[in-house]
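I opened my notebook to get to know a new protein. Here is what I looked up, entry by entry.

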Amino acid sequence: GRSAAEVHDPATYEALRPDLERALAGQSFAVDHHVAGHTSGRGRWFNVMYMPKVGEDGSVSGVYVLSNDITEVVDAEGRALFLAQHDELTTLPNRAAFQAAVDRALDHCVIEESQIAVIFVSYPPGFGTGLGTAYALWILIVLALYPACRWFAGVKARRREWWLSYL
């Protein structure tokens, strides 16, 4: 095996040095490291486990290091956290995001000794209609307004008053 100073460039070695010293002191632990300048072109996350190599006499003679690329896991966690407060289709904030924003605003009001007004409209489950009904209603509205729109287009074509151009 080679030493960490031989494997890594000086800047990376200095960043890892406190963890190596902790492991050389006899502690086993794991930490997550973010590597910004990875060769993939984007940052990567690694879970690194440090395990001291302990001799029969109890002395630490080295450190075993096991690292795993956890970038996909971290990305999935970030996506799950985002979807917990946003609609998947529209990416608009959902009720959980609204509640979190209200909670932050109320906390701010307590600190600043101010007040807040919130208007919240909530529909009961099952309220409203399905998508097919909404489309049918829109088609009916368009068909009902078509004769009036056609009549108004004729009025605009026959008359040349300046104000009709704004309608």
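My entries go from the overall build to two single residues.

**Ground rules.** I am working with a predicted model, where local features need pLDDT of at least 70 and side-chain atom pairs count only at pLDDT 80 or more, while totals for chains, interfaces and linings use all residues. Residues are numbered from 1 along each chain as its sequence is written, and side-chain values use heavy atoms, with hydrogens and water left out.

**Elements.** I found five helices and three strands, taken as DSSP runs (helices H or I, at least four residues; strands E, at least two) numbered from the N terminus. Their order from the N terminus is α-α-β-β-β-α-α-α.

**Overall form.** I looked up the radius of gyration, taken over C-alpha atoms, and the globule rule, 2.2 Å times the number of residues to the power 0.38. The protein has 32 Å, well over the 15 Å that the rule gives for 167 residues, so it is more spread out than a compact globule. The C-alpha trace spans about 105 × 45 × 35 Å along its principal axes.

**Burial.** I noted that 13% of the 167 residues count as buried (under 20% relative accessible area; exposed is over 50%, partly exposed in between; 1.4 Å probe, protein chains only).

**Thr 91.** I came across this residue in the loop between α3 (71–84) and α4 (95–112). Thr 91 is not a glycine, yet has a positive phi of about 60 degrees. Its relative accessibility is 43%, so Thr 91 counts as partly exposed.

**Glu 113.** I then turned to the loop between α4 and α5 (131–158), where Glu 113 lies. Glu 113 also has a positive phi, about 55 degrees, without being a glycine. At 72% relative accessibility, Glu 113 counts as exposed.
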